[in-house]
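I opened a new structure today and kept notes as I went. Here is what I looked up, entry by entry.

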Amino acid sequence: MIGKLNHIAIVVPDLTLAANTYKSVFGANVSDPVSLPEHGVTTVFVNLPNTKIELLHPLGDGSPIKKFLDRNASGGIHHICYEVQNIIKSRDKLLGDGYRILGDHEPSVGAHGKPVIFLHPKDFFGTLIELEEI
Ligand code: CO
């Protein structure tokens, strides 16, 4: 079902500091901040040769990552994203096998304009997993 690791998302308390750290300390290729109001996040992409790191910071009061930052004041790994060929087939297989999909089970449009779903972390060893159709 899963293919490449698309990205690892890290919630950070200070997006500018985090972006500058990846740029100046690690010498990484770092994007400008992109605000995604519909997702309640501002994100910076760190483009690595084999994958991406998404630095996430809450945007707005209802941000889904605000609680995470409240519990992890210095930041932390939030989710990992694997690529799949067909999001609907993947979803139906997982649901059929008894796994939990977060939300209403319908794919939403993720940070890259592609359909995504999130899998319940308790079903996958404490890791929030995003599947993205490529
Ligand atoms: Co993601």
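**Entry 1: the model**

I noted at the outset that this is a predicted model.

**Entry 2: the metal site**

Which residues coordinate the cobalt ion? I found His7 through NE2, His79 through NE2 and Glu130 through OE, at 2.0 to 2.1 Å. Along the chain, these donors follow the spacing H-x71-H-x50-E. I then looked at one pair of donors. His79 sits in strand S6 and Glu130 in strand S9, 51 residues apart, and the pair links distant parts of the chain. I checked whether they are covered: both His79 and Glu130 are buried.

**Entry 3: His7**

I placed His7 in strand S1. Is His7 buried or exposed? Its relative accessibility is 1%, so His7 counts as buried, the cut-off being under 20%. Its side chain makes a polar contact of 3.3 Å with the side chain of Glu54. I listed what else His7 touches, leaving out residues up to four places away in sequence. Among them are Thr51, Lys52, His112 and Glu132. The list also includes His79 and Glu130, which coordinate the cobalt ion together with His7.

**Entry 4: strand S6 and its partners**

Next I followed S6, which covers residues 76-84. I counted 7 of its 9 residues as buried, so the strand is largely enclosed by the rest of the structure. Which strands pair with S6? Strand S1, residues 2-11, pairs with S6 in the antiparallel sense over 7 bridges. Strand S9, residues 129-133, pairs with S6 in the parallel sense over 5 bridges. Cys81 turned up in both pairings. It is the bridge partner of His7, and it stands opposite Glu130 in S9. I kept a general point in mind here: in a regular strand the side chains alternate between the two faces of the sheet.

**Entry 5: helix H3**

I moved on to H3, residues 87-96. At the start of this helix, a side-chain oxygen of Asn86 reaches to within 3.0 Å of the backbone nitrogen of Ile88. Which residues of H3 are buried? I found Ile87, Ser90, Arg91 and Leu94. Seen down the axis of H3, these buried residues fall within an arc of 100°, so they line one face of the helix. A general rule goes with this: an α-helix has 3.6 residues a turn, so residues three or four places apart point the same way. On the face of H3 turned away from the buried side, I noted the exposed residues Lys89 and Gly96. What covers the buried residues of H3 includes S6, strand S8 and S9. After the helix comes Gly98, with a positive phi near 90°.

**Entry 6: Arg91**

I wanted a closer look at Arg91 in H3. Its relative accessibility is 11%, so Arg91 counts as buried. What does its side chain meet? A polar contact of 3.3 Å joins it to the side chain of Glu106. Leaving aside neighbours within four places in sequence, Arg91 is in contact with Ile101, His105, Glu106, Pro107 and Ile117.

**Entry 7: the nonpolar cores**

How many residues make up the largest nonpolar core? I read 11 in all, including Ile10, Leu15, Val30, Val44 and Ile53. Helix H1, strand S4 and strand S5 each supply at least two residues of this core. H1 gives the most, with 3 residues. Beyond its neighbours within four places in sequence, its contacts include Leu15, Ala19, Val30, Ile53 and Leu55. Apart from this core lies another, of 10 residues, among them Ile80, Ile101, Leu119 and Phe124.

**Entry 8: two positive phi values**

Most residues other than glycine have a negative phi. I logged two residues with a positive one. His105 has a phi of about 75° although it is not a glycine. I found His105 in the loop between H3 and strand S7, partly exposed with a relative accessible area of 30%. Phe125 has a positive phi of about 65° and is not a glycine either. Phe125 lies in the loop between S8 and S9. At 80% relative accessibility, Phe125 counts as exposed.

Methods: Residues are numbered from 1 along each chain as its sequence is written. This is a predicted model: local features need pLDDT of at least 70, side-chain atom pairs count only at pLDDT 80 or more; totals for chains, interfaces and linings use all residues. Side-chain values use heavy atoms; hydrogens and water are left out. Buried means under 20% relative accessible area, exposed over 50%, partly exposed in between (1.4 Å probe, protein chains only). Helices (H or I, at least four residues) and strands (E, at least two) are DSSP runs, numbered from the N terminus. Two strands pair if DSSP finds at least two bridges between them. A polar contact is a pair of N or O atoms within 3.5 Å; within protein, one must be able to donate a hydrogen and the other to accept it, and residues adjacent in sequence count only if both atoms are side-chain atoms. Contact means heavy atoms within 4.5 Å. The arc is that of the directions from the helix axis to the C-beta atoms. Donors are N, O and S atoms within 2.8 Å of the metal (3.2 Å for Na, K and Ca); water is not among the atoms, so sites may look incomplete. A nonpolar core is a set of buried Ala, Val, Leu, Ile, Met, Phe, Trp, Tyr and Cys residues joined through side-chain atoms within 4.5 Å.
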